[in-house]
Each structure stands twice: as structure tokens, then as C-alpha cells.
Amino acid sequence: MRCEQSMNDYTFTLGGAELHARPSGALWWPSKGLLCVSDLHFGKAARIARRSGGMLPPYEGQDTLDRLEAELDATGARHVICLGDSFDDMQAAGSLPEDLGAWLLRLIAGRDWAWVEGNHDPGPIDLPGTHRAEIALGPLVFRHIAQPGAEGEVSGHYHPKARLGFRGGAVARPCFLIDGRRVVLPAFGTYTGGLCSTSPVLCALMDDDARAVMTGSAAHAIPMPRVLRRRA
Amino acid sequence: MTAAPAPLPSPIRNWLSTRGWVLHPHQRAMLDAAADPATLLIAPTGGGKTLSGFLPTLAELTAAPRAGLHTLYVSPLKALASDIRRNLQAPITEADLPIRVEDRTGDTGATARKRQRADPPHILLTTPESLALLLSYEDAPRIFAGLQRVVVDEIHALAESKRGDQLMLGLARLQSLCPGLRRVGLSATVEDPAAIARFLACHPDPCRILQADPGPAPDIALLEVPQRPPWAGGGGRYAIPAVLEAVRAHRTTLIFHNTRAQAELFFHDLWLQNDDALPIGIHHGSLSREQRSRVEAAMVAGDLRAIVCTGSLDLGIDWGDVDLVIQVGAPKNVKRLVQRIGRANHRYNAPSKARIVPANRFELVECHAALDAVRDGTLDGDPRGPGPRDVLCQHILVVACAGAFDADALFAEVTTAGPYAGLGRTAFDACLDFCATGGYALRAYDRYQRLQQRTDGRWQLRDPRAARQIRMNLGTIMDTDTLKVRLRGRGGAPLGEVEEAFAATLTPGDTFLIGGQIVRYEGLREMTVEVSRRGGDTPKIATFMGTKFATSTQLSDRILTMLAQPDWPDLPGHTRDWLALQRRVSHMPRRDRLLIESFPHDGRAHTCAYGFAGRNAMQTLGLLLTQRMEEIGIGPLGFVATDYAVLVWSVDPLTDPAPLFQGDDLRAGFETWLAGNAVMKRTFKASAIIAGLIDRQSPGQRKSGRQATFSSDILYDTLRKYDPDHLLLQITREEARRGLVDFGRIEEMLARTRGRVDHVVLDRVTPLAAPLFLEPGRVPVQGAGAEKLLAEAAARLIETAGLPA
């Protein structure tokens, strides 16, 4: 198995499986040769143009594929899971521009590729690969939206990001949220915002000892930033 | 063309004589020039400027009463519009003139707005943004039917900003709707009246310039303060006893500061020393409207002895009996100083009195230079370039909201506006294409174009519902992302606003100053900062964005001239000795050479470059220099910039600085640096909002839609990568040459020094460099350095939390 394990990954175990949080925001499971990315949101700019008339730079699909291809090359992944919201809506799934469609087919070819449904792309899509509501694999379950009480769960949906202050500045970046029971992936798509780790829904979802692994040029782990509860 | 002198109708004549008033010569001249297509009046504050603008209107409407809109008055401030309404109401009521005056601003209620559209008053007082909104309505031709005159107040202030560019485009539109429209501009004293006249004129028609008697020379000097000014910093707090003394000796004093944060700090300390409990208020743009109105009302009623304020009071609001203006901190340009001085003695023919308090030792030199400039009557005006294209894009969208348009006709109309008189057809077409299709190299939106060309060749909105969104994004004023501050508890009183970035650094229990009081941060609720009054006595200071003024080119030049003197008999002994010592141990900075000093301090190598290019440009120079120093491997760690110098600290010393100041290298570095720079991203965001690419964010959206919305930084990065010649990137680069990045002044510095670098290597800190060590606003070097700091911070947190790494 080809596996260029980057020094910059953050390695952790979940349900006994050794996983790598990559600085790119992808999750890498070396023993299975599996790469998981969430929330690609293909077709987002087109949907915005259709709905509101705003015409954002129409290059986000290209950029997302560029980065996805780089991850596939770097890891040599044989197995890929797209963890939902791969398409910004069902119409985007059906009308990917020709060049992007061909590019995606080239990436899919020769790989075991699975599409997990998300809230933006709940139905079957006309692309090769398996289409599932969720996927159980060994000790792990892959689904779009985390379920309270789940164990060994890999999910996306929330686009978590974390903020870290340091001497002379502060950065907010997309992040993984990891505790003993689950990992929530950051959004991989180029045109995606983020939900701050301090938001109540993420604080309620994650255990007290959760970490945030910030993406960027290296994956940095910090205790998950939360809102401090004020004592009365 | 000059009409015969218009006699004043008798009701107005009688009203003037019962008041015992005689018209000023320039008011008479304005009446005589009433028929001209465009007139610019330059008059000092207190010269009855506003009445001059309205006299022809009052005369025409009294002589020939009629229905419908006759005169549109546009001012940069909402407060000014309501102030003028009160002032105009007096003669109208007292002389019983058949004239209805109303104002229309962002504060006007929906019912009143609707009625104004159906039944416009004779005189409508408004702002550039409200005018743009009116022009975007389909019934604009009906609203403005019969409009005769437009009066632009404080045009010198508008001419410096995109608001003015937008207004001039609006006037071009109005001129098409009302071909006989006559324009009047009212301006404070400015360096280059012809430039303002070109700005106002309907090209190619001329614009006549009328100069009022400038009045007696102002009484202006440094405030005598027994204490020495400190070496650095901008607070001016050392002078508080002397300032209180001056307040006591006058009826009403305005105390101007350059930034809101400084005003807050000064006000706080002033109160601590205000043993006589003199009634003193504070007024600046970050305070809530309620708080500001309270201070304004108290001021008008004569209940206050002094107001600590910022530029929010710069413009001509009538403040009654001000008899002293104190300027704390160097006035970064002379024009602003003169306009502020004009606030004192709002009566014509009485000299205004102003005192200046330099905040630190170097500012003392700067203040002297500024005083010389005022005495010589030389104002500074950095000429603005041609009208920015993002504003033009917004204007095209506004026009499209009102109905289908012909591109040729719109181009002809736009080029009658002063700022766009030199606009080429290609540039116009690129803006139109941007509005229609996004203007991308990749034609992705042909099916979803925002504007479509009809079969008759005219352009219209593809989806008329888009008009609503365009209207919501109108205007060129950029609010930095701010959060409201409120006292915690039911119906907690609003106190003002702080920057979101500042709020993000707060943790519960932190204290900061707002509205002159220390408050304690309790938490963030529904995008509102909640605070309590239980403050300590050492506040963490709010870093209000404010406006970071840079010393103007002309003032910098005067300072360099002053430094070149053999001795400085006019300066106080402490400052004179300081400069003499600098000359002895190093060099004095010179206009035609670039002085670079290198010395070790505190175990680090330091390099100080005296560029005298103004704070913004020096900051940019610091970023470029540290980038180059990183390339040559001497490990830059950070820098700090002031108006006159930038100080960089690094692991290893810089041995050969000259190559770092080669124009071509700096320019190349500038292009690379544009890529990741936060200031550029902010500049891009502003232009993207103005041009209509992205929406302004309302607090509500931010609260609900965090996950769905994404940062404009991503758009900037994406465009740079895939479409580097896109219109918005062109605009962003253009903006970078002025404004916050101000690369234009680095170019000026390079042209002035032409590679003549004096490198002085010393074994310790030099006298001129010493104050830089005390300057706030140190910038750590970003890039590889930042990543390392981030890693360190992350490791520290993990360790503190007791987690295994």
C-alpha cells in the first residue's frame, strides 16, 4: 500500500481504528486505504446565481477537485467516501459542467467510491459509485449528520471551525472535532463557511474532553474552544 | 451666462430687515449667479454659507409659488439635514413663505417616505445614499419632475470619498431627468477650488467659483503645558490639567481627538481630574444614537462646558457658542486643522481660537509645521484619481433597478460626472459586463445573467426581484463588522459599538472603555455584547477602528524642511536638544535621501528606515521589508510603523539595506504580498460589496447563517488563482495604491530619494528611533512565523489542559 504519511497529520484512534486528520480537512484511514471528505458542495456558485442573481467567481468546483485530486495522489487512496452534501442541491448534481464531470469521473475510475446522502443531496445522483444513507465499516459508521449517543461515528454537516488566539493575532480555521466516540469533519468544498466550535449544538454534541484539530498547512490540535459557562 | 441681479421678493427682504440682517457680499453674488448651470461657493464656517445656497430657492419659490420638488439639498451627514431643516424653517415660518421643507434620510419612517414619493416637498434635504435609493425607483422621473436646483453641502468632504463619486453619478442621472437642473456646491476653505469645481460640474459645462471673504486670521497656537510631552503615544493625557484650565476660562470648548479610542481614554482621565465637576460630554461615531443625541441636545442648550469628540463633529453642524477648539494630537493634515478651527466662534468676522496639544515629542515638531502651514495659508489636498469603478458598477445596477436603459446613453450620461469625465468606453463596457454576467473569463452564468439585453438593445434586470437586493446593498460606506454593546438586564441601555474582532478577544470579566465608562464584559448574546457597570480601574482598551489618519504629503514635506534647519529656536528646549543629539550621533533625515539606522537592542538587531511617507505607507513598507528580510534569511520578528519611520527587529542584523529599497524589487514584492494580505482582503471585500458581487451582512444574517455564508477571503483567493485579471482584482489593486495600503506614497518616497541610501550603523538606539520602541501597534511577522506561533500556542494549550500531545 502506498501511503505518504505526512508529518503534518494529526493521528488518533476511534473505536480502535487509527485515523489521520489531514491538514487539508480530509480524513485518512491508512489500514483500509480509505479517504473520507465531507461537504464538497459542488454547484454552490451556480445555485446562488440561479436563486439570487449573485454571480460569485465560478471556479469553486475546479478548486475543490484540484485539492481532492492532490489528496488522492498524496495518500494513494483506493477507497473514497464523500460524506454528504457533495452537491449543493439535486439540480447541481445533475448539471455539473462538462469538464468538471469528466474530471470527477476520472478520479472515480478504478476506486471504490461511495456517496453518502446529505441534507442538500438527499436523493440518488447520476454518477458512478455506491449511494448510501450511511456506511458501516469495521468499528466505524459514516453518516452525514451526527447522531447523539452514537459510537465510532464519522460525520460532517456542521462545517466546524475553531478560533485560536496567539501572541499578536488570532486565526479562525475549519477544524475536525474529535472525542472518544466520534469525529466531525470540516467541510472540504472551497465555497463553504463554518460553524464556530463554541456554538451550543457543537458543545452539546461533543464530550468535555473533545479536541479541535485545525486545518491549514499543518493539523494543529487544541482543546475544543467552548463558551465558558458563567457561574451565577 | 449671468442673469440680471435678481431682486429679493419683499417678504424675504422684510424678514431680513426686521432681523436687522444685511446680506454678505457672497450671498448677494449667489443670488446673482442663480441662473448659472453650476456654482461653487468657497466660504469659511460661519459665513452664512447654507443660507447662500438656499436664498435663490427661497426667492424663486416666493416670487412664483408652485407645487412639486424645486430644490434638492444633499449633505454627508443625516444630522446636518435635520439641522438645516430647523434653520430653514425659521425664515419660512417668520416670513410666511409658501414653502414646504422636509428631510429624508435613513432615519425617516416608512410612512413619511411613501408620502414624500407621492407628494414631494418643495425642498427635500437628503444624503447621497438616500438619493441613490430614490433614483432606483421606477417612478424616479415623476418624483423629480420639475426639479430646478440641487445644493451639495460640505462638498469638500464628499469630494474625498466614494460617497461623493456616487453622488456625482446621481446628479448626472438627475440632469438627464431634469435637463435644466442647476447645481450649487458649498465648500469650506480648500487648497484647490478648481478641482472641486471640476468634480461638481456637469461636463463639458463650466462651474463658476465664488470665493467669500475668508474672514480674520485665526488665533492659533500650541497650548501652553508646563509638563513635557511624552516620547511616544497619542493620548495627550499629560496635558489634562492645562486643558481643564482652558475649559474653565472659556464658555464652550470642543476637544478634538484623532481616534475614538483616544477620545475615550482622554475623557475617562479628564473626569478623574475634573475636581470642579465641569459639565463635559463625549461624542464619537461608535456611541449609540441615543447617547449622541443627548450630548447634542445638551450642547445646543448650552449645558456643556466642553465636548471631547472626534471627526463625527468635523462637519458644519451648528453647535452654538463654541469659543475654543483644542486639538489633541497632531492634526495629520492641515486642511482638517483649519476646518476644525472653524468650529470656534461660529460668527463671521470674529477670529476663531484654537490651541493644539502635541501628544508626544515628535508631534511637537509636526504641530509646529502645521501651524506654519496655517499661517502661510497653504492647505494640503492630495488629489484623488479618477472615479473608482466599483462605484460605477453600483450605479449601473441602480439605473437598472429604475428600468431598462440604453448603454450608449448611459455612457454619455456617466461621463458628464466630474470623477468619470475621463472614463473610456472600454472601461465602461467592462463594468457593464461585470454587472450583467459577473465578467469572468469563464462564462458560467449565461443562463442566469443579472442584466439581459432585450431585443431592442436596451438592458434590463433578468429578474425584477433582484431590485430589492440591489437596493439593500446601496451605498459606499463600509461598516467594519461591529457589534452593539448593551448593559446586561431587561431593556439594557445601548452604549455603542465595538469591532467584532475586538469583541472576539474578550473573555468574561475583561473590562474596556466605552462612552467614558469602564464596563465589564459579561458575554455575547444574539450578536450583542453584554456588559455590566462593575468595572475595575484598569480597562482593557477598545481598539476602535476609527480612521487611522496619515500625515499628508505636504505636511511631511514641511517637517523634513524643518528638520533640515541648522537649529530650532522656535521649539522648546527639550525637543531642540533631542534633535541636536540625533544630528550629533547619527544623521538627520533628509528629503532627497533615505536614512537607515542599524543598531542592536535587547539582544536583537534593529533597523529603522525614515521614509516620511505617512503611517499607512510606512506600515506597508514594514510588511514589504520584513518579507524581503525573510527571503535573505535574517529572521525578521516584527515591526512598528509611525508616520515618519518604520522600525524592524530581526534575529540577524541587516548589513546591506540599499538593495532592499530598489523600486523594482519593492514593486515585485508588493504584487506577491498582495496575495495573502489582510488589508487587501478587506479592500477586496469593500469593493465586492460596493460593486454588488456580495451582500452587505446584516446582524440578523450573521446570527443565523454562519454555516451557510462564507468569508469573502475565499472569493479573493479563488479569483487570484483562477481569474487574476478580473475587474474586481483590478479595482482592488487600484485601491491598494491609495487608502490603507497607500503604495502610491512609497512610490513618491522612492522618486524623492532615488536610491540614495544613507546607512548608519551604531552600537545603540538613536534619539529619533527611541520613541518607536514605545509605540503601540507592533506587528509580528506573519507567514512562516505565524504558523510557528500558532503551533506553539496550540502546544501550550494542550499542555495546560493536561491532554497528551
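These questions and answers concern a strand and a helix pair of chain B in a predicted model. Local features need pLDDT of at least 70 and side-chain atom pairs count only at pLDDT 80 or more, while residues are numbered from 1 along each chain as its sequence is written.

Me: How many of the five residues of strand E24 (residues 646–650) of chain B are buried?
Reply: Strands here are DSSP runs of E with at least two residues, and helices are runs of H or I with at least four, numbered from the N terminus. Buried means under 20% relative accessible area with a 1.4 Å probe, protein chains only. B:Val646, B:Val648 and B:Ser650 on one side of E24(B) and B:Leu647 and B:Trp649 on the other are all buried. The strand is therefore largely enclosed by the rest of the structure, and the number of buried residues is five.

Me: Which residue in E24(B) is the bridge partner of B:Cys608?
Reply: Two strands pair if DSSP finds at least two bridges between them, and strand E22 (residues 604–610) of chain B pairs with E24(B) in the antiparallel sense over five bridges. The bridge partner of B:Cys608 in E24(B) is B:Leu647.

Me: Are H16(B) and H18(B) oblique or roughly parallel to each other?
Reply: Helix H16 (residues 389–402) and helix H18 (residues 425–437) of chain B pack at about 60 degrees, with their axes 9 Å apart; axes are lines fitted to C-alpha atoms over the stretch in contact, and angles run from 0 to 180 degrees between N-to-C directions. Angles under 35 degrees count as roughly parallel, over 145 as roughly antiparallel, 65 to 115 as roughly perpendicular and the rest as oblique. The two helices, H16(B) and H18(B), are therefore oblique.

Note on methods:
Chains are lettered from A and ligands numbered from 1 in the order in which they are written. Side-chain values use heavy atoms; hydrogens and water are left out. Buried means under 20% relative accessible area, exposed over 50%, partly exposed in between (1.4 Å probe, protein chains only).
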